[in-house]
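Subject: Handover of a structure and notes on its fold

Dear colleague,

Please find below the structure that I am handing over to you. My notes follow it, and I would be grateful if you read them with the structure open.

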Amino acid sequence: MKCRTFLYFIGEILCPAEDDHGDFVIIVKPEVGASTKEVYAAYDRLEKKPETANVLEEVTARMHPVINEIKEILVKSGATYAGMSGSGTAVFGIFREKPSELVISDIKKRFNKVFVVKKTK
């Protein structure tokens, strides 16, 4: 049986996805990378832990503002959801319809590593 789930924390908590937000995904990997060790160290220093789908996103985005820039571009391009993958720095946007070639081309002009995929059912 297949079902879509969200993974929380370090992947040990699984929750069913109520809304999958769409079937097309654009993944953008900026040139900058993030050290997982440094991201977790910064997270451990936070007094108030974020209550978001990816608790490391806030920390990594502080270190690398391009994360939020990419998220904003994806949402303005029609993504129903945008977020960072893992401890970073890849960012994904989920789209209900396949993004137009113009949208994809515009994103590729700004970032070298852009991938467009259709989710499997």
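Which residues are buried in helix α3 (residues 66-76)? Please bear in mind throughout that the model is a predicted one. In α3 the buried residues are Val66, Ile67, Ile70, Lys71, Ile73 and Leu74. They lie on the same side of the helix, because the arc they cover around the axis is only 160 degrees.

The buried residues of α3 have several packing partners: the strands β3 (24-29), β4 (81-84) and β5 (91-95), together with the helices α2 (57-63) and α4 (101-110). Just after α3, glycine 78 adopts a positive phi of about 115 degrees.

How many bridges join β3 to β5? There are 5, and the two strands run antiparallel. Within β5, isoleucine 94 is the residue that stands opposite valine 25. On the other pairing of β5, 4 bridges join this strand to β4, again in an antiparallel arrangement. Here phenylalanine 92 is the bridge partner of glycine 83, and valine 91 stands opposite methionine 84. β4 and β5 form a hairpin with 6 residues between them, and in its turn glycine 86 has a positive phi of about 55 degrees.

Of the 5 residues of β5, 4 are buried, so the strand is largely enclosed by the rest of the structure.

The nonpolar core

In soluble globular proteins, nonpolar side chains tend to be buried together. In this model, the largest nonpolar core has 27 residues. Those with the most contacts inside the core are Ile26, Val28, Ile70, Leu74, Ile107 and Phe111. Two or more residues come from each of β3, α1 (36-45), α2, α3, β4, β5 and α4. The element that gives the most is α3, with 5 residues.

Apart from its neighbours within four places in sequence, isoleucine 70 is in contact with Val28, Pro30, Val91 and Phe111.

Helix α4

Helix α4 has buried residues as well, namely Val103, Ile104 and Ile107. Their arc around the axis is only 95 degrees, which puts them on the same side of α4. What covers these buried residues includes β3, α3 and β6 (113-118). Which exposed residues does the face of α4 turned away from its buried side carry? They are Glu101, Leu102 and Lys109.

Yours sincerely,
A colleague

How values were computed: Residues numbered from 1 in each chain as written. Predicted model: local features only at pLDDT ≥ 70, side-chain atom pairs only at ≥ 80, totals over all residues. Heavy atoms only, no water. Buried < 20%, exposed > 50% of the residue type's maximum accessible area, 1.4 Å probe, protein only. Arc of directions from axis to C-beta. Contact = heavy atoms within 4.5 Å. Pairing = 2+ DSSP bridges. Core = buried A, V, L, I, M, F, W, Y, C linked by side-chain atoms within 4.5 Å.
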